[in-house]
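Hi everyone, thanks for making time this morning. Let me put the model up on the screen, and then we can walk through it together.

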Amino acid sequence: VSLVRHEESGVLCIQKRLHQRNTPYPLLKDRPIDGIPQIYAVWETGGDTLVLEELICGENLFHRLEREGPVDEMTAAGWMMQLCRILKQLHALGVIHRDIKPSNLMVTPEGRLYLIDFDAARGGFAATGELYNLLIKLGLNSIIKRMAFSATEAVKPDAPDPTEGCS
């Protein structure tokens with residue numbers, strides 16, 4: 001991860017190289033979402049993905065809570081409402097973040113919440129709605145749940161179904 005200046009706008013940005021392909025970053029670039037960093041550019045080369053994204057000025061929630069301690073109920077509820085609005089937009093696009101934690105939530109000085117770090121995210125499920133509906137009709141719901149919500153190492157043919165026993 002490095003700090004660079006966007007050539008066209010002149011703003012400071014985050015540039016990162018992921019040693020993976022098939023990330024949701026191209027989808028997020030084409031469909032900006034309120035509450036996540038703007039994705040300016042995405043390049044896939046070899047087995048890597050390079051991302052140029054907006055620098056969010058603020059503090060991650062982990063460090064803020066560590067520094068200031070617990071927040072009042074109204075502040076926490078406000079942040080969770082913002083997070084729910086962000087997730088609603090992401091899920092409408094079929095993007096599952098898979099790594100929501102305080103260190104991946106940035107809070108600006110104005111109290112605005114941003115969800116960052118989509119490196120573990122998976123996307124494009126909305127684009128395959130017909131396949132999704134077919135799998136549901138065939139009773140293969142557990143495959144969808146395992147692919148979208150499980151850690152990578154858990155999505156193996158011999159791995160136990162993490163949703164078994166859940167309703």
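Let's start with R112 and D34, whose side chains meet in a salt bridge at 2.2 Å, N to O. By salt bridge I mean a side-chain nitrogen of Lys or Arg within 4 Å of a carboxyl oxygen of Asp or Glu. R112 sits in the loop between β6 (105-107) and β7 (113-115), while D34 sits in the loop between α1 and β3, so the pair ties together parts that are 78 residues apart in sequence. R112 is partly exposed, with a relative accessible area of 33%. For that scale, buried is under 20% relative accessible area, exposed is over 50%, and partly exposed is in between, using a 1.4 Å probe and protein chains only.

A word on where this comes from: it is a predicted model, where local features need pLDDT of at least 70, side-chain atom pairs count only at pLDDT 80 or more, and totals for chains, interfaces and linings use all residues. Residues are numbered from 1 along each chain as its sequence is written, and side-chain values use heavy atoms, leaving out hydrogens and water.

How many salt bridges does the structure hold? There are nine salt bridges. Another one joins E44 and R21, at 3.1 Å from N to O. That pair also links distant parts of the chain, with E44 in strand β3 and R21 in the loop between β2 and α1 (25-30), 23 residues apart. E44 is partly exposed at 34% relative accessibility, and R21 is partly exposed at 37%. K101 and D99 also meet in a salt bridge, at 3.7 Å from N to O. Then there is a network of salt bridges linking E59, R64, R67 and E68.

Now, the strands. Overall, the chain has five helices and seven strands; these are DSSP runs numbered from the N terminus, with helices being H or I of at least four residues and strands being E of at least two. Four strands make an open, antiparallel sheet in the order β1-β2-β4-β3, where pairing requires DSSP to find at least two bridges between two strands. β1 (2-5) and β3 (39-45) are at the edges with a single partner strand each, so one side of each has no neighbour in the sheet. β1 pairs with β2 (residues 12-18) over four bridges in the antiparallel sense, and L3 has I14 in β2 as its bridge partner.

Finally, of the 167 residues in the chain, 33% are buried.
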